[in-house]
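This report goes through a structure step by step, from single residues to the contact between chains. Please keep the sequence and the 3D view at hand while reading.

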Amino acid sequence: MSANTTKQTSRRDFIKISAQTAAFLAIGFENLANGKGVKVRNLAHEPHIGVEINPYVLINESGKVTLFNARPDMGQGTSQSIPMLIAEELEVRLDQVEIVTSDGSAKFGSQLSGGSSSVSTRYLPMRTVGAAVKEMLVQAAANHWHVPVSACYAKEGRVYQKNKTISLGYGELVASAAKLPVPSSPVLKNPADFTQIGKSLPRPEIPSKVNGTAKFGMDVVIPGMLYASIAHAPSIHAKVKSYHGEKAIASPGVKFVLKTERKMPHASTEAVAVLADSYWAALKGKRLLDIEWESTEADAMNTEKYFNQLKEAGKSPGFEYKESLTGDVNKAFAGANQLIEASYQTPFLAHAPMEPENATVYVQDGKVEVWAPVQGPDSLVTELATYLGFKKEHVKINVTFLGGAFGRKAYYDYVLEAAHLSKQINAPVKVIWTREDDTQQGPFRPGMLSVMKGALDAQGKVQAFEHRLNGASILNQVFQVPLDNAPDPWAEEGINLPDSPYTFPNRRNSFSLVKTKIPILWWRSVYASTNLFGQESFIDELAHHAKKDPLAFRLELLAGSPRFVEVLKKLAELSNYQQLKAQGKAVGIAIARSFSSICAHAIVVEKQGNGVLIKKVYSVIDCGVAINPRNIKAQVQSNITMGLTAAIKNEITVVNGQTQQSNFHDYAVLRQGEIPEMEVFVMPSSEAPGGVGEPGLPPVAPALCNAVFLATGKRVRTLPFDISNV
Amino acid sequence: MESIELLINRKKVKVEVDSNTPLLWVLRDHLSLVGTKYGCGIAQCGACTVWIDGEPMRSCVLPVSAVGKSAVTTIEGLHEKAEHPVQVAWDELDVPQCGYCQAGQIMTAAALLKKNPKPSHDDIVAGMSGNICRCGTYHRIHNAVKRASEIASASNSSKKK
C-alpha cells in the first residue's frame, strides 16, 4: 500500500467514523453463544446482537463486551492492537472481551490492513469510540445513583462510586446508557494512565494458534460446498483454445469441469476448473485435463527483456517529483569536483504467504457470501458487487485469520474465481490455489532499477544527488491510472523528503514508467523495499568516496532531523559501532523512514570462504507510541528475516510468459539456522504512532550490502546475490 | 475408493477414500482435523507435519494407504488439554504471528524433544530447519523449544518426587 492513499483514506475515514460515533444508536438483544474459551473469533457467522452503541462496541445485558476489529489480522497483530485501543478507553481488559473481525459493511468505514496503517490511522478514532461509550456508561451510573459524574469511575467493565463499595456492571447499565446522547468530544486518557497500551501483553489469539483451532480461510467448511482446483495458464495470460475434460470428469469425486476466468484488475485470463467433493479429487482431476492454450502475450513477458528496458529508461531523466526537487542537479553535476554514478537492481518477488490463496464463496439469489483470508473486506465488497452486478448490501464477507499475506491478499482474483464458479453451479465453492499457483501466477513485487548520480565537493560534502526510479507502476497497472505526463506518486515512498530528509543542496528524484503485462502488486513495504536499496547503498558509496565514516556521514546530512539522529545514535550505542569499527569488523548500516516510522539496522558480517557470514543484526525502530513493544520487536525481526530472504535467496524470473520458479525448492526462504542473531530496540516515544508491519524491511538489504563491501571490497548492486560467493 | 481404517489421536476411524490420497487431505477433508495445514504439497515446508508412530512425517506426500496400523497424531491430539510443554512454551513466548505454520512447527518440536529432551543449539537448528515460517518467528521458535525442554524436565522431576 502506498502511504499516500492510506493517508487520504484515513482522513475520510476519520470524519465518517466521528459521524458514526454520534449517529449510531441501534438497539437489539440476543442470547449470544459464548466463545468457549476461544477469545478471538474470526468468523462472524452468528449475528452479534446486543446494544450497539457504535459499530465497534456491542455490550449485552449480561455484561459481555464484543469489540469489532476492522483491520484483518495477517500476523501483524491487529486482532490485539486495534481492539486494545477501544478497550483502553472503555476500561475493559482485552481478556474480558470477544473480538470479532468486521464483515465489510459500510458502517465500519475503511477496513483495509495495508500500508502499515492500522494503528497509525486508528489510534485516535478507536480510542474516541471507547471513551465515548465509557462516558455514556458512567453517566448512566451517575444518573442511577443520583450523584455527579465526577463521583464515579469505570474500571474493568464496571462503574464504581468513588470511596464506596457499590458498583454497577456494564451489562446493567447498557440499556439506559444507550438512551443517552453520544458525547461529541469525549475526554481521552492521559497516556501516563494507560493500563494496556504500551504493555507487552500476550496476544489474545495465541492459544488458538497453538492448539490448532484458529480458523484460517483454508479451514472453512460450508455445507454442500465443492472444492475447486484451477488449471491456470502456464504463461499467466492465455486463452483456452480447447480442452478435454472427459478423463477428469470420470475421475472419482469430480462433479464438474468448467471453463472459467481469472479476473485481475488489468486483465482477465482463462482457465479450466475441476470441482470435486474433496480437494484431492479436484487436484487429481486437474492432472487429467488436456488443455491447449493460446498465448498471445507470452513473448512480451520476459524479465530479462524487462530489465534491459529499465536500463534504457534509466538513461532518460524521467518525470521529476516536484515536491522533493531542490536546486538544479545538472548544474551541480556539471561543476562537480567528484562525480559518482551507480545503478541498483531489485527483482520481481512473490509474496509466498504460508497459506496459499483460497476462498469459499456462495452465490445465490442475487446475494453472495464469502469466507476468506482477505486484507480488506470493504474493498472486496465493492469489487465483488461490481463483478457480479449485485448491490453492495447483498455482499457479505466473513474474514478468517490470514495465514500470511504481505500485500497479496488485498488482490482478490482468487475470491472472484470462486464467485464465478459458485454462480455457475449454484453451490458454495472453495477455491484453493496450489503453492505452484501462488509462486507462478503473480501478482509480484515489480522489479525496479535505481539509477543514482551524486556529486561531492573537495571537502567531501554532497553537492547534488539524483535518484531515477525505473520500472512498472502499481498505480498504473492495478488502478489503471494513466501516468503519461507525471511520475507515479506512490513510487517515491521511502525517498521522498519526509522519508529521506538528507540535506542535499541539489536533489532530484524522478520516475520512468516501464509497463509490463506481468501482474504486479504491493509487497511488504512496496517501493520502499526497492528504492531504499539504491538510496542507502549509494549514500554509503558517497561516504566512502568522501573518505568519511558512513555513520558520521549520515549524521551530518541528517542533522536537521532529530528523530533520525536519535535513532542512529541509539543504533551506534546498541551495536558498539565505534568499537566494532576499531576492531576492524565489517558493520554496515542503513536507515529508512517508511510508513511513518524510522528504522535503522547495523549488520555485522565476517568473511567466510568466497563470501560472508552474517553474524548479527542490530536494529532500532522509532514508531512513535509503542502499542505492544513485544509485538513490535517481533515485527522488526520478521522484517529482517523477510528482507534478508529477499536480498540473498529469492527472485522471480519470467521467460516467455512462464515463471521459472514454482515452489519452496526453487523459491527458497530462510530457514531456522540461517537466521542471524538479532537485537531490536524500540525507541520510547510519545509521538503519534507510525507503522510497524513494514518499516523494518527497507533498510535490511542496503545495510547488508554495505557490510559486504567492508568485508570484501565488493559492491553488490543487483539483488538477490549469493552470499557464499560475493 | 477403498475403505481404510486408521488410528488417529488414539481413536479408530474409517474413511472411504482413494487409497492414493495424501494423509493430509484425509485428515482435513474427511475427518475435519484442519489443524494440520497445506503449505507446499511437496514436503518442503513442514506445515503438514504429523506424527506416525511418534515420528514426524510430512502428511502432504504420505498416501493414506501407507499409514496402515500406525498411530497418527495431529496437533488436535498432541495433548488432551493442549498443554503439552511445547504448546505451553509457545503460548508463553507468544511465538506465532500469522500462525499458519505453527501446528507443523509444534509437532516437529515435540517429536524432537521426545527423542532429545535436552537439545543443544545445533540440535534445535537441525531438528527445526525443515519447517518454514514466512513470518520469521524462528528466534522465538528456537527459544520456545529450549523453554519447552525446561518445562518438561521440571514436570518430570516433580513427578519423580
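In which loop of chain A does Pro443(A) lie? Pro443(A) sits in the loop that runs between α12 (435-440) and β21 (448-456) of chain A. The model shown here is predicted.

## Cis peptide bonds

Most peptide bonds are trans, and most residues other than glycine have a negative phi. The bond joining Gly442(A) and Pro443(A) is cis, with an omega of about 0°.

Another cis bond leads from Leu719(A) to Pro720(A), where omega is near -5°. Pro720(A) belongs to the segment after α19 (700-712) of chain A.

## Positive phi in chain B

Asp53(B) is not a glycine, yet its phi is positive, near 50°. The loop between β3 (49-52) and β4 (55-58) of chain B holds Asp53(B).

Asp94(B) is placed in the loop between α2 and α3 of chain B. Asp94(B) has 23 other C-beta atoms within 10 Å and is therefore buried.

## Two helices of chain B

Two packed helices are described by the angle between their axes and the distance between the axes. Helix α2 (residues 85-92) of chain B packs against helix α3 (residues 102-115) of chain B at an angle of about 130°, and their axes are 9 Å apart.

On the α2(B) side, the contact is made by Val86(B), Gln87(B) and Trp90(B). The α3(B) side supplies Gln102(B), Ile106(B), Ala109(B), Ala110(B) and Leu113(B). By class, the residues of this contact are 6 nonpolar, 2 polar and no charged.

## Two helices of chain A

In chain A, helix α2 (residues 78-90) and helix α3 (residues 118-145) cross at roughly 35°, and their axes come within 6 Å. The crossing of α2(A) and α3(A) is right-handed.

The residues that α2(A) brings to the contact include Ile82(A), Leu85(A), Ile86(A) and Glu89(A). Among those from α3(A) are Val119(A), Arg122(A), Met126(A) and Val133(A). The contact of α2(A) with α3(A) has 11 nonpolar, 4 polar and 5 charged residues.

## A buried leucine in chain A

Leu568(A) is part of helix α16 (residues 562-575) of chain A. Why does Leu568(A) count as buried? Leu568(A) has 23 C-beta neighbours inside 10 Å, and the cut-off for a buried residue is 20 or more.

Leaving out residues up to four places away in sequence, Leu568(A) touches Leu551(A), Arg554(A), Leu555(A), Ile591(A) and Ala600(A). Ala602(A) is 34 residues from Leu568(A) along the chain, and their C-alpha atoms are separated by 9.5 Å.

## Where the chains meet

How many residues of chain A are in contact with chain B? On the chain A side there are 43 residues, in contact with 45 residues of chain B. Three helices of chain A, α5 (206-210), α7 (279-287) and α18 (629-648), each supply at least two residues of the side that touches chain B. The largest share, 6 residues, comes from α18(A). The residues on this side of chain A divide into 22 nonpolar, 14 polar and 7 charged.

α18(A) itself has 20 residues and reaches 28 Å from its first C-alpha to its last, close to the 28 Å expected at 1.5 Å a residue. The helix α18(A) is mostly covered, with 18 of its 20 residues buried.

## A residue of chain B that touches chain A

Val34(B) is in the loop between α1 (23-30) and β3 of chain B. Because it has 23 C-beta neighbours inside 10 Å, Val34(B) counts as buried. Not counting residues up to four places away in sequence, Val34(B) touches Asp219(A) and Arg28(B). Val34(B) and Leu24(B) are 10 residues apart in sequence, and 8.9 Å separates them in space, C-alpha to C-alpha.

Definitions and conventions:
Residues are numbered from 1 along each chain as its sequence is written. Chains are lettered from A and ligands numbered from 1 in the order in which they are written. This is a predicted model: local features need pLDDT of at least 70, side-chain atom pairs count only at pLDDT 80 or more; totals for chains, interfaces and linings use all residues. Two residues are in contact if their C-beta atoms, placed from the backbone, lie within 7 Å. Helices (H or I, at least four residues) and strands (E, at least two) are DSSP runs, numbered from the N terminus. Ala, Val, Leu, Ile, Met, Phe, Trp, Tyr, Cys and Pro count as nonpolar, Asp, Glu, Lys and Arg as charged, and the others, Gly among them, as polar. Axes are lines fitted to C-alpha atoms, for helices over the stretch in contact, and angles run from 0 to 180 degrees between N-to-C directions. The expected span of a helix is 1.5 Å times one less than its number of residues. A residue is buried if 20 or more other C-beta atoms lie within 10 Å of its own, exposed if 12 or fewer, and partly exposed in between; C-beta atoms are placed from the backbone. A crossing is left-handed if the near helix is turned anticlockwise from the far one by less than a right angle, and right-handed if clockwise.
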